[in-house]
Amino acid sequence: MSAPAARPREAVEPTRAQPPRPDLVPGTGPVRVSVDNNRCHIYGICEQEAPETFRISEGGSLHYETAVPAKHAAAAKQAARLCPMQAVTVREAPARRPRPRSAARRSTGRIVVAGGGLAGLSAVTRLRERGFDGELVVVGEEPRPPYSRPPLSKQFLTGELRGEDLTFHQQTDAHWLLGTRLVSLDPLRRTVELSGAERLGYDGLVIATGVAARQLPERPLFSPRLRTVRTLEDAVALQAALQQARLRRVVVVGGGFVGCELACTVRRFGMDVTLVASGGRLLERVLGPQLGEVVERIQRRAGVDVRLRTRIIDWADTGYGLRLRLDDGSSVEADLVVLGVGGAPRTEWLRGGGLDIRDGVRCDRFCRALDLDGRPVPGVVAAGDVACWPNERFDAVPRRVEHLIHAVEMGQHAADSLLRGPDRAQRFTPVPRFWSEQHGVRIQAVGLPALAERIRIAEGSLRSERFVATFHRDTRHGPQTVAAVAFDLPSRLLEYRDLIGLVTPAPVTHPNPRGPR
């Protein structure tokens with residue numbers, strides 16, 4: 001990419017061997033699969049998870065087996081959980097065997113899940129699948145069951161999906177304390193404090209409180225013309241604002257996925273859109289400048305006024321709209337401003353609790369929460385957007401990953417680590433995966449493109465906007481493949497997934513050019 005490498009990095013896996021994939025709970029019987037074709041966008045996640053059941057043809061259509069035998073049932077169920085559009089339904093046979101109990105370290109006591117989102121739901125589901133039959137309590141601040149957030153900036157705003165369509169319909173045997181705020185954690189007494197001074201004891205704790213919509217420090221404190229979109233309530237308010245008859249000019253702030261997708265959605269309403277981004281390219285932080293330039297071209301062609309390397313330095317309410325003054329000396333008039341500038345980890349309730357919360361909840365490679373001295377806190381794990389951990393598929397640097405698939409997989413792994421205990425916990429080394437859609441162009445990625453030092457176009461071309469790009473960096477052990485990104489080639493990405501994190505050993509050199517004798 002743009003910046004040259006300072007010195008080769010340390011790769012944790014200096015061999016061609018692949019780190020293990022996330023565990024699945026074996027199926028106990030055959031299942032039946034159905035797909036809602038009205039919701040399916042052919043992102044290909046189902047084929048990545050269960051290629052024996054799902055297949056994307058070269059023509060771009062999805063084919064699948066309706067009757068899945070028991071040996072492939074677990075993979076099919078995982079594909080349904082990870083489907084970005086929740087288009088896959090898996091039904092088990094009526095007669096089910098008892099839940100397996102062998103993996104559970106404890107089958108009594110109470111496990112508290114802090115956070116009522118997807119990562120929390122995933123942890124609860126896995127705990128029951130592994131045979132935990134003690135008390136499960138989920139504390140969620142929102143008053144509704146877990147729902148899918150990615151469609152909030154897209155299909156929900158346009159009316160393609162309703163609020164009830166976003167709810168995850170996974171049956172879980174747990175006590176849900178919804179509409180309840182977390183106040184503090186006392187890891188010594190193993191209690192969490194809830195709003196109303198109620199204290200809830202736990203034997204195990206899963207922290208999955210996610211992130212809140214990040215705000216701009218110079219924004220107006222209160223204005224009906226300024227919106228964010230993080231929760232369903234936010235999206236409902238934004239949808240109502242976009243449907244106002246006199247709304248014509250919208251400014252979207254943020255050049256990441258949320259900002260770019262909001263610009264796409266607003267253009268579908270036929271409104272004038274100005275996209276203000278501080279970076280040099282759209283999606284530069286996640287895709288790099290070369291692919292960011294392609295995204296910028298797609299946005300401009302759709303009629304979006306893209307302002308790069310630009311920040312808002314002043315806001316003025318004119319009585320009929322907002323006037324934004326930018327640091328390049330220009331100004332923009334807006335009927336509505338929508339912020340899409342990322343998320344901030346929800347860790348305010350953990351202050352003073354002894355955990356390391358410098359960037360979310362710092363965890364070790366097993367998803368166990370760490371204290372300020374870097375030691376695992378007994379009985380506490382973390383998962384999802386709020387968790388910061390070292391993915392040793394790449395290196396030992398702790399990072400946060402904010403994507404739907406990651407929330408599912410880390411919720412499952414955190415639950416496993418909690419049940420297995422410190423002596424049997426396994427490393428969490430997933431392949432991060434995410435997707436987007438820019439004015440009809442599907443973008444899918446595996447790995448962490450931001451780690452790359454160079455990019456290679458493996459298939460297609462940037463000019464055609466239909467290609468696969470691979471991302472690489474140097475380590476002391478040799479070149480490492482850190483990511484692959486596909487633009488409108490979902491059927492091809494499966495081939496690259498298992499390359500992510502692999503290191504090609506550097507050739508051995510000898511003083512004698514003829515080699516060793």
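**Briefing: cavities, sheets and turns**

The largest cavity has a volume of about 120 Å³. The model is predicted, so that local features need pLDDT of at least 70 and side-chain atom pairs count only at pLDDT 80 or more, while totals for chains, interfaces and linings use all residues. Residues are numbered from 1 along each chain as its sequence is written, and side-chain values use heavy atoms, with hydrogens and water left out.

**Cavities**

- The structure holds four cavities of 30 Å³ or more. A cavity is a set of points, on a 1 Å grid over the protein atoms alone, where a 1.4 Å probe fits but cannot get out; grid points are joined across faces, edges and corners, and a volume is the space filled by probe spheres set on the points.
- The largest cavity is lined by 17 residues, of which Cys40, Tyr43, Gly44, Cys46 and Cys83 are the closest to its centre. Lining residues have an atom within 4 Å of a point.
- This lining of the largest cavity comprises 14 nonpolar residues, two polar and one charged. Ala, Val, Leu, Ile, Met, Phe, Trp, Tyr, Cys and Pro count as nonpolar, Asp, Glu, Lys and Arg as charged, and the others, Gly among them, as polar.

- An open sheet is formed by five strands in the order 14-21-15-16-17, with parallel pairing. Its edge strands, strand 14 (226–228) and strand 17 (305–307), each pair on one side only. From one strand to the next, the twist averages 20°.
- Helices (H or I, at least four residues) and strands (E, at least two) are DSSP runs, numbered from the N terminus; two strands pair if DSSP finds at least two bridges between them.
- Strand 15 (residues 249–253) and strand 21 (residues 336–339) run parallel and are joined by four bridges, and Val253 stands opposite Leu339 in strand 21.
- Helix 6 (residues 232–242) lies across strand 14, strand 15 and strand 21, and runs at about 155° to strand 21. Axes are lines fitted to C-alpha atoms, for helices over the stretch in contact (heavy atoms within 4.5 Å), and angles run from 0 to 180 degrees between N-to-C directions.
- In helix 6, Leu232, Ala235, Leu238, Gln239, Ala241 and Leu242 are buried. Buried means under 20% relative accessible area, exposed over 50%, and partly exposed in between (1.4 Å probe, protein chains only).
- The cover over the buried residues of helix 6 includes helix 4 (155–158), helix 5 (163–166) and helix 7 (257–268), together with strand 14, strand 15 and strand 21.

**Strand 10 and its two hairpins**

- Strand 10 (residues 191–194) is covered on both faces, with Thr191 and Glu193 buried on one side and Val192 and Leu194 buried on the other.
- Strand 9 (residues 182–186) is joined to strand 10 by four bridges and runs antiparallel to it. Four residues separate the two strands in a hairpin, where Arg190 in the turn has a positive phi of about 55°.
- Three bridges link strand 10 to strand 11 (residues 199–201), again antiparallel. This hairpin has four residues between its strands, and Gly196 in the turn has a positive phi of about 90°.
- Glu193 stands opposite Arg199 in strand 11, and Ser184 stands opposite Glu193 in strand 10.

**Positive phi in loops**

- Gln86, although not a glycine, has a positive phi of about 50°. Gln86 lies in the loop between helix 2 (70–82) and strand 5 (88–92) and is partly exposed, with a relative accessible area of 21%.
- His439, also not a glycine, has a positive phi of about 50°. The loop between strand 28 (433–438) and strand 29 (441–447) holds His439, which is partly exposed at a relative accessible area of 30%.

Notes:
1 Å grid on protein atoms, 1.4 Å probe; cavity = no way out; pocket = protein on both sides within 12 Å on 5 of 7 lines; lining within 4 Å.
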